[in-house]
Amino acid sequence: MKNRKTTDLILAKIKEYDKIVISRHLRPDGDALGSSKGLAAALRASFPEKRIMLASEDASENLAFLGPDDGQPDDAFYSGTLLICLDCGNPERLSNKKYALAKEIIKIDHHPNIRPYGDIMWVEPERSSVCEMIADFCMRYKSEIVTTGEAAYFLYTGLVTDSGRFKYSVNGDTMRVAGFLLDKGINTELLFAHLNLDDFSWLKYKSFVYRNMKITPNGAAHIRITCKTREKFALTSEQASETVYMMESIKGCLIWLAFIDYEDGSTRVRLRSRFVQTNRIAEKYGGGGHEYASGATLRGSKQINSFLADCDALLYEYKSTHEGWI
Ligand code: AMP
């Protein structure tokens, strides 16, 4: 059992504080939402006498089925408070600008620990998701932490989405905690209906992407989504971000990336890959992330073309020195 001393300390801190604030990263995905809502639900059930707030300044439209958050408490609430930050590599990316008001901060994350922060850190980059870590925490201390059906539903949502439906970074631990959560009685039929079903208008957008995407000579699938395209399809920023997943299952395309333009002239690149690790390219452009899922913010076509050329060169090098890729 890894990092037992750290998780013992986290449990002790949770018991010590009467007020706990839970926060996550901006523009939340399934893991940020699932882990924050799941931990809040489990702690409320376990310690009904404590005041536990899920404080976030933004939400997700796609995952609105998970329900609303608590909103931001006033400054006074923060005095003598323990703040638990989930799935957030650096404090600037927190969806809680009041985080520094807390008395103590715990960072729980599965991103590489490039920007350490907080008084206690539990960081395991090899984990599929922070939901896996929180579910493991609930399982480890099951005599003290009550994992309700609701908490399990939230945590399973993040586990399923951040692992790409159990495709990425999955090992025995992932499946053991998945089993633990499923034993709580999750309505998986409803969950997958929420996650998988599309509006017809979304299919129209998908067809646009498949007609307009391009592939570099060595197999990087890519598309740039301009502000005009976003307007044409009435895409929210979150929907535009989803574009990258449409290119993930093309044989020979080991790298796929979407460039999303913003009104301020910046372009957010979402970079994904299989077999070949690509986060170094994102880092070269001031971004970062996981080995196979990273991103950066770029400016202008020159930088976009240079980013693409780096991806293509990496693929050339990888394919000419490795076998067994598909
Ligand atoms: P995304 O494509 O937004 O889902 O990001 C994938 C991963 O890359 C996440 O773990 C992010 O934290 C990380 N990432 C994305 N953009 C940046 C950035 N500009 N700087 C640092 N990390 C980033």
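Modeller: Ala, Val, Leu, Ile, Met, Phe, Trp, Tyr, Cys and Pro count as nonpolar, Asp, Glu, Lys and Arg as charged, and the others, Gly among them, as polar. This is a predicted model, where local features need pLDDT of at least 70, side-chain atom pairs need 80 or more, and totals for chains, interfaces and linings use all residues. Residues are numbered from 1 along each chain as its sequence is written, and side-chain values use heavy atoms, without hydrogens and water.

Biologist: Okay. How do the residues of the shell around the ligand divide?

Modeller: Into 2 nonpolar, 8 polar and 4 charged.

Biologist: Which residues come nearest to the ligand?

Modeller: There are 14 residues around the ligand, and His-111, Arg-268, Arg-270, Arg-272 and Gly-288 come nearest. A residue counts as near if one of its heavy atoms lies within 4 Å.

Biologist: What lies 2.7 Å from an oxygen atom of the ligand?

Modeller: A polar side-chain atom of Arg-268. Gly-288 uses its backbone instead: an N or O atom there lies 3.1 Å from a ligand oxygen. In the side chain of His-290, an N or O atom is 3.4 Å from an oxygen of the ligand. A polar contact is a pair of N or O atoms within 3.5 Å; within protein, one must be able to donate a hydrogen and the other to accept it, and residues adjacent in sequence count only if both atoms are side-chain atoms.

Biologist: How much of the ligand is buried by the protein?

Modeller: The ligand alone exposes 470 Å², and the protein buries 77% of that. Those areas come from the Shrake-Rupley method with a 1.4 Å probe; for residues, only the protein chains shown count as cover.

Biologist: Which elements give two or more residues to the shell?

Modeller: β9 (266-273), β10 (288-289) and β11 (293-299). β11 gives the most, with 5 residues. Strands (E, at least two residues) and helices (H or I, at least four) are DSSP runs, numbered from the N terminus.

Biologist: New topic: helices. At what angle do α2 and α4 cross?

Modeller: Roughly 160 degrees, with the axes of α2 (residues 30-46) and α4 coming within 7 Å. So α2 is roughly antiparallel to α4. Angles under 35 degrees count as roughly parallel, over 145 as roughly antiparallel, 65 to 115 as roughly perpendicular and the rest as oblique. Axes are lines fitted to C-alpha atoms, for helices over the stretch in contact, and angles run from 0 to 180 degrees between N-to-C directions.
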